[in-house]
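Q: I would like to learn how to read the features of a model of two chains. Please take them one at a time, general idea before case.

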Amino acid sequence: MLDKVLFYIFAGLAIASGALMVTRRNAVHSAIFLVTALLATAGIFLQLRAEFLFIVQIILYVGGIMVLFIFVIMLVNLDVALQQIQFARQKWVALIVALALSAQFGLMLWSSEKIPGQGIPVLAAPPASELPANSEAVAQSLFGNYLLAFEIASVLLLVAMIGAVVMAKKEK
Amino acid sequence: MMQAVIQATMDFLKLYWAPLLCGLVIVAVLPLIVGYIVLVERKLMADMQARLGPMRVGPHGLLQPIADAVKLLIKEDIIPDNADKLVFWLAPVLSVGAALLSIAGLAIGPAFQIAKDINIGILFVVGVSAMGIFGIVLGGWASNSHYSLMGSLRSSAQLVSYETAAGMALVSGLLLTGTLNIKAIVEAQYNEGIWFVMLAPVAFFIYLVASIAETNRAPFDLPEAESELVAGYMTEFSGFRWSLYFLAEYTNMIVVSSVATTLFLGGWLRPFARVHFFNFLDYVPPLLMIGVAGYCLLRTPKQPSRVQQLFMLAVAGLCLALALVLLAPVALPIAKPLYAGIHGGFWFIFKVSAYIYFFMWLRFTIPRYRFDQLMRLGWQFLIPLSIVNVLVVGVALIVGSYFNLHGWSMLLVTTPAAIIALVVALMILAAGQQSSAGKENAPASDFYAG
């Protein structure tokens, strides 16, 4: 009961703040709603007993990336930006992408297994006692099963980081 | 429908009454504690500057925090005309909310913890308390004032830079335990019989510096540097909103000190918790309280008015009661099961207070940094040092496990690791001085050439 109520609260919050984030004219307000959406998603992670994902979402996206976003937004002169037309009008592209996405989701919902008695298809979560400790499980799969992919991704990120530093450096 | 809701609420309360109660206690008591931390800070500052500090309200200014709180509550609440009203309202609440929420993960002694045994323990505390930055940044932006904006820009830059160093320092500490769970971290220190500050001193030092920067305390209080920015991001806030920021700042101090205490200073453990020879240390907490009570009684006749004498007596009585509570688990066999909870709480609070005292001491001793010095210290010194430290601590642990070392003999491998890290630190400093010397020469020669 409580689980369901919490899920609908978080999901509704995520969707509503996502919509608000796109429609606000003021960039700082958009950023605040993006933070809300990210936090609501983190809440859903927590409800799925993925504590590690929850806290990584908060530390990385909310505490790191969004702070940098707001930092940049505040450096831009908002009074000038408010008077410009900020909304890209690509109706047809947006429509096609939205249709493709909803088709994908619909296919997934339709083809996944349904719990008898309830119409909604859900992936049944195993009870908490059967799960291995969450951060240990993530570490096992990252540094055990998918070590090569993990290392490739980190090398890519390092290259991007060094590239950014080189490009930002002034010419002498 | 109504019945179902009531039923669900009752079930919820039945399951979670204990953490809810703990949370209520924290929200109710914390402002009082913060008020008294401020009083201690003012008294210490006065002492170090050869003054008396607050003396008027209550004996030795003991009621000053309450008077301050009342003053702040009844002050006029001003919102600037051109401010972004909603964000202006939201910002202080965000700061306080994040700070209070992060306390939920902390364990004040083995018995008092709101969110018990969460798997991500220390990450939760660090991550949630870092969200308080939004309060500062948004508050500074919403005030629509240049000083506030400068303050919040500085603050966000400072926090993002020092969080990396603090995180890396925490990683080197966590390598020693292999768990994020707060209870398990302290138990690991109990089992090893040694606090992790001995095994990873460099990591502790990095965390100390980075935590001062993260809480915006002097010498890193550039976001509110009053000689340059009036009051930084708090310039336009008054009355209760301002006091919310203040509450958040001091709560954050408590949070970072608690994290350091848990990970490096042995949490709620007594010094030498496993050595029976040092069992007499159990009598130190009650004796300390009795000493404070005796001092209060000694000072009572010297108070100027009857009310103040009574108040002093009340303080002495409170200390005696605390001494009895602390003495009971040691002296009475019946109260033995309460030992861990009561004495654990005492030692935890004692260590956190010592850490906060060190913060204050630094504040009165060291002058404020310049912003470019702050950035250079963070990016060119602390972050490289912390990365190197993670590396050498990891190597030391592997060597230690190869020779099957535990407890104090771990020092055989971690001390060389710390020395290597220190040598690297000196090398970084030397390199930095060389490059800055080169920089200072270059524009000067340009200037003369022009």
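The dialogue below goes through chain A, the interface, and then chain B.

Q: What should I know about the model and its numbering before starting?

A: This is a predicted model, in which local features need pLDDT of at least 70 and side-chain atom pairs count only at pLDDT 80 or more, while totals for chains, interfaces and linings use all residues. Residues are numbered from 1 along each chain as its sequence is written, and chains are lettered from A and ligands numbered from 1 in the order in which they are written.

Q: How many helices and strands does chain A have?

A: Elements are DSSP runs numbered from the N terminus: helices are H or I with at least four residues, strands are E with at least two. Chain A has seven helices and zero strands. Read from the N terminus, the order is α-α-α-α-α-α-α.

Q: What share of the residues in chain A is buried?

A: A residue is buried if 20 or more other C-beta atoms lie within 10 Å of its own, exposed if 12 or fewer, and partly exposed in between, with C-beta atoms placed from the backbone. Of the 172 residues in chain A, 14% are buried. A:Gln90 counts as exposed because it has 10 C-beta neighbours inside 10 Å. Its C-alpha atom is separated by 18 Å from that of A:Arg25, 65 residues apart along the chain.

Q: Into which domains is chain B divided?

A: Domain bounds come from an automatic or database domain assignment. That assignment gives domain 1 (1-71) and domain 2 (278-361) of chain B. Their C-alpha centres lie 19 Å apart. Six residues of domain 1 are in contact with seven residues of domain 2. On the domain 1 side, these are four nonpolar, one polar and one charged.

Q: How do the axes of α3(B) and α11(B) cross?

A: Axes are lines fitted to C-alpha atoms, for helices over the stretch in contact, and angles run from 0 to 180 degrees between N-to-C directions. Angles under 35 degrees count as roughly parallel, over 145 as roughly antiparallel, 65 to 115 as roughly perpendicular and the rest as oblique. The axes of α3 (residues 85-103) and α11 (residues 239-263) of chain B come within 8 Å and cross at roughly 25 degrees, so the two helices are roughly parallel to each other. A crossing is left-handed if the near helix is turned anticlockwise from the far one by less than a right angle, and right-handed if clockwise. α3(B) passes α11(B) in a left-handed crossing. Residues of α3(B) including B:Val96, B:Ala99 and B:Ile103 meet residues of α11(B) including B:Leu244, B:Ala248 and B:Val255. This contact has 11 nonpolar, four polar and one charged residues.

Q: What is the case for α3(B) and α5(B)?

A: α3(B) and α5 (residues 133-142) of chain B have axes that come within 8 Å and cross at roughly 165 degrees. α3(B) is therefore roughly antiparallel to α5(B). The crossing is left-handed. Among the residues that meet are B:Phe88 and B:Leu94 in α3(B) and B:Ile136 and B:Leu138 in α5(B). By class, the contact divides into 11 nonpolar, three polar and no charged residues.

Note on methods. Two residues are in contact if their C-beta atoms, placed from the backbone, lie within 7 Å. Ala, Val, Leu, Ile, Met, Phe, Trp, Tyr, Cys and Pro count as nonpolar, Asp, Glu, Lys and Arg as charged, and the others, Gly among them, as polar.
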